[in-house]
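Morning, everyone. Please bring up the model on your screens, and I'll walk you through it.

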Amino acid sequence: MSGYNALGFDLGDCSNFKVELKITDSTNGLDNGIVEFDVESSSEAISYFLFGPDDQLVSKNQKVVENLKKGKYIYFVIDKQGCKKKSEFTVN
């Protein structure tokens, strides 16, 4: 079982919940990529989970994550009302 599946989230849609990302790709073959989460919600976001290319937890409860290697990442953001967002992005 993948690490992110072990969280057991019900990944329902939440129309008033918006997550935008600012991604900075890694450079010169280094593990120096960055992702910044910008969350819009009727309540503040309280939990962030980011899983890396190997399905392992990379960070928890960080709005800015640095030192990312190239690859596909999956994230979950959950607000105080229980609204959940899951998606993915790639660091090049």
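I'll take the sheet, then the cores, then one serine.

This is a predicted model, with local features needing pLDDT of at least 70, side-chain atom pairs counting only at pLDDT 80 or more, and totals for chains, interfaces and linings using all residues. Numbering starts from 1 along each chain as its sequence is written, and side-chain values use heavy atoms, leaving out hydrogens and water.

First, the sheet. Three strands make an open, antiparallel sheet, ordered E1-E2-E5. Strands here are DSSP runs of at least two residues, numbered from the N terminus; two strands pair if DSSP finds at least two bridges between them. E1 and E5 (64–68) are the edges, each pairing on one side only. Seven bridges join E1 to E2. Lys22 stands opposite Glu36 in E2.

Next, the cores. A nonpolar core is a set of buried Ala, Val, Leu, Ile, Met, Phe, Trp, Tyr and Cys residues joined through side-chain atoms within 4.5 Å. Buried means under 20% relative accessible area, with a 1.4 Å probe and protein chains only. The largest core has 14 residues, and those with the most contacts inside it include Val35, Phe37 and Tyr75. E6 (71–79) is among the strands that each supply at least two residues. A second, separate core of five residues includes Phe49 and Ile74.

Last, Ser26. Where does Ser26 lie? In the loop between E1 (18–24) and E2 (33–40). Ser26 is buried, at 9% relative accessible area. A polar atom of its side chain lies 3.0 Å from the backbone oxygen of Asn92.

Key: Helix = DSSP H or I, 4+ residues; strand = E, 2+ residues; numbered from the N terminus. Buried < 20%, exposed > 50% of the residue type's maximum accessible area, 1.4 Å probe, protein only. Polar contact = N/O pair within 3.5 Å; in protein donor to acceptor, adjacent residues only side chain to side chain.
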